[in-house]
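Please keep the coordinates open while reading.

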Amino acid sequence: AGIAVADMDRSKGIYFLKSVSKDKKVTDVQVSVHEINGVSDITVKEGNDLNGKEASRVLDALLQNLEK
């Protein structure tokens, strides 16, 4: 299972990712990063769904890598 950047608009903090699950299903995911009062706010969407399984997996992977 992997995650790759498909496209991005860094000036707007938007990243379009391709997420490949263990069963080889490819899902398009959008990550938005913004600063709010000195804190980074990260939103991950799978289509219009903020609670999709792949969106949650991508957010978990991002958070784990930020902690390193």
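## Confidence and conventions

In the chain, where is confidence lowest and where is it highest? Confidence is lowest in helix 1, at a mean of 88, and highest in strand 2, at 94, where pLDDT is the predictor's confidence in each residue, from 0 to 100. The chain averages a pLDDT of 89, and 97% of the residues score at least 70. Where pLDDT is low, the predicted coordinates should not be read in detail. Helices (H or I, at least four residues) and strands (E, at least two) are DSSP runs, numbered from the N terminus.

This is a predicted model, for which local features need pLDDT of at least 70 and side-chain atom pairs count only at pLDDT 80 or more, while totals for chains, interfaces and linings use all residues. Residues are numbered from 1 along each chain as its sequence is written, and side-chain values use heavy atoms, with hydrogens and water left out.

## The nonpolar core

The largest nonpolar core consists of six residues, namely Leu17, Val29, Val31, Val44, Ala55 and Val58. Such a core is a set of buried Ala, Val, Leu, Ile, Met, Phe, Trp, Tyr and Cys residues joined through side-chain atoms within 4.5 Å; buried means under 20% relative accessible area, exposed over 50%, and partly exposed in between (1.4 Å probe, protein chains only). Strand 3 (26-36) and helix 1 (53-66) each supply at least two residues of this core.

Val58 is in contact (heavy atoms within 4.5 Å) with Ile3, Leu17, Ser19, Val29, Val31 and Val44, once its neighbours within four places in sequence are left aside.

## The largest pocket

About 170 Å³ of space lies in the largest pocket. On a 1 Å grid over the protein atoms alone, a pocket is an open set of points where a 1.4 Å probe fits, with protein on both sides within 12 Å along at least five of seven lines, and lining residues have an atom within 4 Å of a point. Grid points are joined across faces, edges and corners, and the volume is the space filled by probe spheres set on the points.

The lining is made up of Ser21, Lys22, Asp23, Lys25, Thr27, Glu46, Lys53, Glu54 and Arg57, and its largest share, three residues, comes from helix 1. By class, this lining has no nonpolar, two polar and seven charged residues, with Ala, Val, Leu, Ile, Met, Phe, Trp, Tyr, Cys and Pro counted as nonpolar, Asp, Glu, Lys and Arg as charged, and the others, Gly among them, as polar.

## Positive phi in two loops

Most residues other than glycine have a negative phi. Lys24, although it is not a glycine, has a positive phi of about 70°; Lys24 sits in the loop between strand 2 (14-20) and strand 3 and is exposed, with a relative accessible area of 65%.

Asn37, likewise not a glycine, has a positive phi of about 55°. The loop that holds Asn37 runs between strand 3 and strand 4 (39-45), and Asn37 is exposed at a relative accessible area of 77%.

Strand 1 (residues 2-9) contains Ala6, which counts as partly exposed because its relative accessibility is 49%. Not counting residues up to four places away in sequence, Ala6 touches Phe16, Leu17 and Lys18; the C-alpha atoms of Ala6 and Phe16, ten residues apart along the chain, are separated by 5.5 Å. Gly2 also lies in strand 1 and is partly exposed at 28% relative accessibility. Apart from its neighbours within four places in sequence, Gly2 is in contact with Lys18, Ser19, Val20 and Arg57, whereas Gly2 and Asn48, 46 residues apart in sequence, are 21 Å apart in space, C-alpha to C-alpha.

In strand 3, is Ser32 buried or exposed? Ser32, which is found in that strand, counts as buried because its relative accessibility is 12%. Residues up to four places away in sequence aside, Ser32 touches Gly13, Ile14, Asp41, Ile42 and Thr43. Val26 has its place in strand 3 too, but counts as exposed at 53% relative accessibility. Beyond its neighbours within four places in sequence, Val26 is in contact with Lys18, Ser19 and Val20, and its C-alpha atom is separated by 9.5 Å from that of Ile3, 23 residues apart along the chain.
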